[in-house]
Amino acid sequence: MYYKEWIKTRWYLLLMFLITSGFAGYSLLRLHRVAALNGIDHAWIVMLTHDVVFVDLLKFVPLVAGLLLALVQFVPEMYHKCLKLTLHLPVSHLTVITQMLGFGVVAFITCSILNFLLLWSYMHHVLAFELWSRCLLTALPWYLGGLAAYLLGAWTILEPAWGRRVFNLLVSLLVMKIYFISDAPASYNSFLPALSVFTLALLTLSWISVARFKEGKE
Amino acid sequence: MRKLANFVLGFILLVLVVWQFPWVINFLSTPDSHSTFALYSTAADDFISNKMDENKKLHRIGTDGKEYTEAETDSLLPCFYMRQLVADGRFPDSIQGEAITPHEVQQTNVMIRLNPRDINGNNIQLYPLLESMPKRVDLEMPDDVFRITSKGVEFIKMETNEVKQAKSERFTEALREKGFQFPSLWISGDPSVRKAYDEGYLMLDAKHQLFHFKRCVGRPFVRTFAVPDSIILTHVFAIEPSAHQFRGLAVDTENRLYVLTPDYQLVLTGVKQFQPKTDRLMIIGNKFDWTVTIVDAHGVHYSALDASDYHLIRQMDISFENSSISGLHFTSRDDKFCYPRF
């Protein structure tokens, strides 16, 4: 199952890693440019006095990446009717979809960790702990938003009936608002543990879509 | 598993309804205009409020309902409308029997705003300590910032991101000598170079003692404030007014507001209650009186204080009813946090 998902998504995963890392790298380049032009002191001072975090460019990148991952992974399943075949395997259909989603979740989290490592590797050299941790904690809800976009995207794509699909889409849009409602840096800190659990709980929604698919709802 | 999924979906729908429904209702309803701009006039011994009528025409009204013309209001509030009076050639030679010039008014006028949003947030605990007695007239940003830990002060050189050991020990020792107990509970200062002078930071130590901490000719300057044992301060706000009339404001556990004088004393003001975490405060003051406006959940509270000793002259309260529907929300105008609350 995991190998099948790997074959299906490997080129996109490579592209996702390159593009998200590119944006993370560009954020670091902006910090580096400020440091090169005005000295790293200036970067510290604007972060302290103007709440600049230098990673704001990343805001919607994980969202798009997560959504595209859901499209790449599940649209072919629905379009080529592969899901119907997959669900005929001698394994519980919910186990099958959980494994498929688990692959996507692990792939997305791996990509996110690599992005964070890239940001940290430069920032911790030139910025104090208080500053680089603030940048990373500001970006964390956006990456959770990317994971939510993937899981909600899968829930909507796997839904067999168009009417219900529109309903799923509306609910998904409202849920996604939670991840982008505050612009203040590091404002989600106290909410992050609960938001992480909530995000992972979104995985269960696809069980409803697959169960409905299995029941032959259209 | 399907039951669990249905439960999650039900929970999400419940959250969305409790969150979005009141939001839509509140968004569509016309908000009430809560705050009225009012200033105390020593000449009239009354508050003069600016009120807009249905035709968007501005009226200036006293608490007894007496309406003043624009020119009358300028004369009754000569320190606030000083520029207009000077432009009209109507600025008086003296106010309250005291000779005064427009320049003196400009120097002694005070404008302070405190918003709960400024303190309710994950603010960065790093502070630049400016040189308070620079060789040149202009203030300059230092090449380091400090943090206060449980062990002492740590200065970090920004260029190398390394702790300056010798300077950290020197400043830590200076604070310890004055009885500072690490870590600090509260630090307030304005690390900006766009101001007339720098007075460093006001800090509350672990035992709620209040200290003034600044850098003078590269050396640490530490002074303690004379705070009686019966007063436990919780919030301090460093303010650098043009005429050096005071050093800042402080609030204690009983929500009483104090003015910190230049000779390191606390003067209790006549303001009844001020809770920095929830209330908005605005002070518009001059050499003779201060108008303190506090907006809380129940209304707007205006206090007129005598600028010489901050005793209460007059008070006016305007209450309002919160007509918005309460529901789940994630952000608030009173803080910079994002988490679900009702």
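The legends below describe close-up views of a predicted model. Local features need pLDDT of at least 70 and side-chain atom pairs count only at pLDDT 80 or more, while totals for chains, interfaces and linings use all residues. Residues are numbered from 1 along each chain as its sequence is written, chains are lettered from A in the order in which they are written, and side-chain values use heavy atoms, with hydrogens and water left out.

**View 1. The second largest pocket holds about 1,400 Å³ of space.** A pocket is an open set of points on a 1 Å grid over the protein atoms alone, where a 1.4 Å probe fits, with protein on both sides within 12 Å along at least five of seven lines; lining residues have an atom within 4 Å of a point. The volume is the space filled by probe spheres set on the points, which are joined across faces, edges and corners. Of 45 lining residues, B:Asp118, B:Asn123, B:Ile187, B:Ser188 and B:Gly189 are the closest to the centre. Strand 11 of chain B gives the largest share of the lining, six residues. Helices (H or I, at least four residues) and strands (E, at least two) are DSSP runs, numbered from the N terminus.

**View 2. Helix 6 (residues 129-158) and helix 7 (residues 162-179) of chain A pack at an angle of about 175 degrees.** Their axes, lines fitted to C-alpha atoms over the stretch in contact, are 10 Å apart. Angles run from 0 to 180 degrees between N-to-C directions. The two helices are therefore roughly antiparallel, a term for angles over 145 degrees. Residues of helix 6 of chain A in the contact (heavy atoms within 4.5 Å) include A:Trp142 and A:Trp155, and those of helix 7 of chain A include A:Arg165 and A:Tyr179.

**View 3. Three strands of chain B form an open antiparallel sheet in the order 8-9-10.** Strands pair if DSSP finds at least two bridges between them. Strand 8 and strand 10 (162-164) of chain B are the edge strands. Five bridges join strand 8 to strand 9 (residues 153-157) of chain B, and B:Ile148 has B:Val153 as its bridge partner. Helix 6 (residues 165-177) of chain B packs on the sheet and touches strand 8, strand 9 and strand 10 of chain B.

**View 4. Strand 1 (residues 37-41) and strand 2 (residues 46-52) of chain B pair in the antiparallel sense over five bridges.** B:Tyr40 has B:Phe47 as its bridge partner. Four residues lie between the strands of this hairpin, and B:Asp45 in the turn has a positive phi of about 50 degrees.

Definitions and conventions:
Parallel < 35°, antiparallel > 145°, perpendicular 65-115°, else oblique.
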